[in-house]
Amino acid sequence: MPEKQFRLEIVTPTKVVFNDFVVSFTAPGTLGSFQVLYNHAPLLSSIGIGEVKLVDKKGQTARYATSGGFVEVRENKAMILAETAERSDEIDVARAEAARDRALKRLQERKSDTDVLRARAALARALNRLRIAGS
């Protein structure tokens, strides 16, 4: 194993999405995206809706759509505790398009009981999933 790798684990409430050595990863911090490399300083950060992009030990890039959570980095181990994390090639595009359409409809109709913030968040998550899936 080359020296410049570290362990990354991506965990959601329902499963471990990724657990292996990586060369780097980039995460959508709530104050801006950041990248982590080998020997990174200890870090604890919140993440938002966006893309987690990693380069694995074989040099392959993987992309994940995430909807928020936290990242902890220390002693060449990193853990992403994510609300959701879906690998780009596992995203159900039809489901994401349906979620986008539902959120747009709620925002356009704006009934008195419409939770606008919730609809905007749903739209942002759906658009992020579609972007990461390449649609």
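**Exercise 1.** In which strand is F70 found?

*Solution.* This is a predicted model, where local features need pLDDT of at least 70, side-chain atom pairs count only at pLDDT 80 or more, and totals for chains, interfaces and linings use all residues. Residues are numbered from 1 along each chain as its sequence is written, and side-chain values use heavy atoms, with hydrogens and water left out. Strands are DSSP runs of E, at least two residues, numbered from the N terminus. F70 belongs to strand β5 (residues 61–74).

**Exercise 2.** Decide whether F6 and F25 are buried or exposed, then describe their aromatic pair.

*Solution.* Step one: buried means under 20% relative accessible area, exposed over 50%, and partly exposed in between (1.4 Å probe, protein chains only). F6 has 1% relative accessibility, so F6 is buried; F25, at 0%, is buried too.

Step two: rings of Phe, Tyr and Trp (its six-membered ring) pair if their centres lie within 6.5 Å; planes under 30 degrees apart are stacked, over 60 edge-to-face, and the rest tilted. The count here is 1 aromatic pair. F6 and F25 are 6.2 Å apart, centre to centre, with 50° between the planes, a tilted pair.

Step three: F6 lies in strand β1 (residues 6–11) and F25 in strand β2 (residues 16–27), so the pair ties together parts 19 residues apart in sequence.

**Exercise 3.** Classify F70 by its accessible area.

*Solution.* The relative accessible area of F70 is 48%, so F70 counts as partly exposed.

Notes. Helix = DSSP H or I, 4+ residues; strand = E, 2+ residues; numbered from the N terminus.
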